[in-house]
Amino acid sequence: MPKESLTITDNRTGKQYELPVSNGAIRAMDLRQIKSGPDDFGLLAYDPGFFNTAACNSKITYIDGDKGILEYRGYPIEQLAERSTFLEVAWLLINGELPNKKQLDAWVTDVTMHTMVHENIKKFLEGFRYDAHPMGILAGTVSALSTFYPDAADIFNSRSREIQICRLIAKMPTLSAMSYRHSVGMPYALPDNQLSYTENFLNMLWKVTEVTYKPNPILAKALDMLFILHADHEQNCSTTAMRCVGSSQVDPFSAVAAAAVALHGPLHGGANEAVLKMLAQIGSKENVPAFIKEVKSGKDLLMGFGHRVYKNYDPRATIIKRMAEQVFDVTGRNPLLDIALELERIALQDDYFVSRKLYPNVDFYSGLIYQAMGFPPSMFTVLFAIPRTAGWVAQWLELLEDKEQKIARPRQIYLGPKRRDYVPAERRA
Ligand code: SDX
């Protein structure tokens with residue numbers, strides 16, 4: 001039986017070291033014993049962007065980037081998207097199992113009863129300019145919630161964690177809808193407890209003077225499916241932010257705010273908004289070859305394409321692309337879809353993209369659906385942050401329950417100046 005270990009020879013000293021291999025990894029700390037001499041600190045692993053570093057053990061989400069597989073707690077994303085609901089998936093991510101009927105009903109009721117926010121939230125929402133980006137408002141307001149729930153700091157109290165998680169899942173749509181209503185100068189619409197999670201979100205966004213908002217069931221279902229697809233994605237940038245900030249033992253509202261601002265970046269969750277800007281900038285199918293040329297010359301990125309893990313089709317993009325037609329049957333076809341399809345057709349035949357294994361990711365088609373539903377591009381990343389809150393809190397819980405985890409504090413390789421003495425200004429060159 002081959003030994004689960006590596007034998008390393010340090011050619012600087014001729015010494016040999018045996019490093020155990022577990023779950024396909026070595027422990028980075030096992031490198032520290034490898035020293036070039038008595039004063040040597042010991043070997044570090046250098047990995048900018050964490051291309052090859054596992055920061056945690058996790059049982060939440062499994063991705064096989066080469067095969068284009070995505071599973072939440074072992075359930076294929078295709079089955080969950082087709083047959084589950086976002087709140088059921090949120091429960092699955094957080095608790096590890098699908099809820100039984102009693103648990104699901106209680107969970108849905110709990111979330112429904114926590115959708116309202118403190119009236120004071122309106123006061124500081126008014127402080128934002130009318131054209132403030134909704135993600136900036138969302139991050140600010142979700143962080144502020146930590147001041148309304150000081151008990152959230154009691155992170156080792158499991159009952160407190162449960163109520164904060166419920167508040168976060170419940171209030172993200174409310175805060176998001178309020179940030180949108182603020183941007184269009186409309187009064188805030190109260191939650192309607194008779195509606196489902198996404199129906200109520202649409203109610204808080206689009207209700208005008210009617211007594212009761214009647215959400216379109218096809219759009220509500222499509223949004224629920226989009227929320228399922230965006231709920232978690234293992235150790236992506238924003239989840240890493242959630243875990244890093246959470247490792248300092250701050251409350252979950254503050255950690256979610258950090259995750260939200262990480263998600264806002266155009267290389268991450270902000271890509272869905274950037275895709276729409278790119279499609280609008282291209283303008284027509286005829287301009288696609290010229291744009292592709294720009295990308296290949298390194299002057300532009302094909303937003304919505306490429307992924308650190310997926311070197312095959314992002315399974316979420318496949319589902320979203322298929323769903324687009326159902327939404328367009330209700331909303332009317334988004335003309336930008338033709339440009340997106342032409343971009344995909346050309347890119348998937350071009351060696352520049354094929355050789356780099358660049359395929360459409362979750363953000364390539366989602367914005368087209370959101371725009372057809374009536375959302376402005378500035379709301380697209382907000383629509384990513386709402387469902388991803390379920391993943392962020394699930395990963396945060398796993399962090400707290402992992403006895404191996406400590407405060408995140410990476411090392412560095414110092415390449416700066418050696419010690420030198422201070423020189424008064426008058427004597428400097
Ligand atoms: C999300 O991590 C997750 O799980 C994230 C996410 C989630 O659910 O949480 O899946 C959500 O963030 C999806 C990704 C959304 N971002 C975009 O669509 C922005 C465009 N994509 C790229 O910026 C890029 O593909 C990344 C950031 C997504 C991944 O980049 P990597 O892994 O750091 O790889 P890289 O930038 O080093 O790219 C490798 C090569 C480079 O070319 P060379 O230097 O080898 O010549 O591919 C090129 C890059 O220039 N490249 C692209 C490209 N993406 C990579 N060239 C053109 N267009 C692109 N989109």
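Me: Is Asn 23 buried or exposed?

Reply: Happy to start there, and keep in mind that this is a predicted model. Asn 23 sits in the loop between β2 and β3. Its relative accessible area is 74%, and a residue needs over 50% to be called exposed. Asn 23 is therefore exposed.

Me: What is the phi of Asn 23, roughly?

Reply: Asn 23 is not a glycine, yet its phi is positive. The value is about 50°.

Me: Which loop holds Phe 50, and what is its phi?

Reply: Phe 50 is exposed, with a relative accessible area of 52%. The loop that holds Phe 50 runs between β2 and β3. Although Phe 50 is not a glycine, its phi is positive, at about 55°.

Me: Where is Tyr 46, and is it buried or exposed?

Reply: Tyr 46 belongs to the loop between β2 (15–20) and β3 (61–64). Its relative accessibility comes to 64%. Because the limit for that class is over 50%, Tyr 46 counts as exposed.

Me: Which residues lie nearest the centre of the largest cavity?

Reply: The lining of the largest cavity draws at least two residues from each of α3 (101–112), α6 (158–183) and α7 (197–206). By class, this lining has 8 nonpolar, 6 polar and 1 charged. Of its 15 residues, those nearest the centre are Thr 112, Thr 115, Ser 196, Tyr 197 and Asn 200.

Me: What about the second largest pocket: which helix gives the most to its lining?

Reply: This pocket holds about 560 Å³ of space. At least two lining residues come from each of α2 (86–95), α3, α6 and α17 (380–401). With 7 residues, the helix that gives the most is α6.

Me: How many charged residues are in the lining of the second largest pocket?

Reply: The lining has 23 residues, with Ile 94, Asn 95, Ile 165, Leu 397 and Glu 401 nearest the centre. Its classes are 10 nonpolar and 4 polar, while the charged residues number 9.

Me: How many salt bridges does the structure hold?

Reply: Side chains of opposite charge can pair when their charged atoms come close. In this structure, the number of salt bridges is 20.

Me: What separates the closest N and O atoms of Asp 151 and Arg 167, and is Arg 167 buried or exposed?

Reply: These two residues form a salt bridge, with the closest N and O atoms 3.6 Å apart. The pair links distant parts of the chain, 16 residues apart: Asp 151 is in the loop between α5 (134–148) and α6, and Arg 167 is in helix α6. Asp 151 is partly exposed at 37% relative accessible area. Arg 167, at 14%, is buried.

Me: Which helices are joined by the salt bridge of Glu 398 and Arg 243?

Reply: The side chains of Glu 398 and Arg 243 meet at 2.8 Å, N to O. Both Glu 398 and Arg 243 are buried. They lie 155 residues apart, and the helices are α17 for Glu 398 and α9 (residues 237–246) for Arg 243.

Me: Are the partners Arg 419 and Asp 421 buried or exposed?

Reply: Arg 419 and Asp 421 form a salt bridge of 2.8 Å, N to O. Arg 419 has a relative accessible area of 76%, and Asp 421 has a relative accessibility of 55%. Since over 50% is the requirement, Arg 419 is exposed and Asp 421 is likewise exposed.

How values were computed: Residues numbered from 1 in each chain as written. Predicted model: local features only at pLDDT ≥ 70, side-chain atom pairs only at ≥ 80, totals over all residues. Heavy atoms only, no water. 1 Å grid on protein atoms, 1.4 Å probe; cavity = no way out; pocket = protein on both sides within 12 Å on 5 of 7 lines; lining within 4 Å. Helix = DSSP H or I, 4+ residues; strand = E, 2+ residues; numbered from the N terminus. Nonpolar A, V, L, I, M, F, W, Y, C, P; charged D, E, K, R; others polar. Buried < 20%, exposed > 50% of the residue type's maximum accessible area, 1.4 Å probe, protein only. Points joined across faces, edges and corners; volume = space filled by probe spheres on them. Salt bridge = Lys/Arg side-chain N within 4 Å of Asp/Glu carboxyl O.
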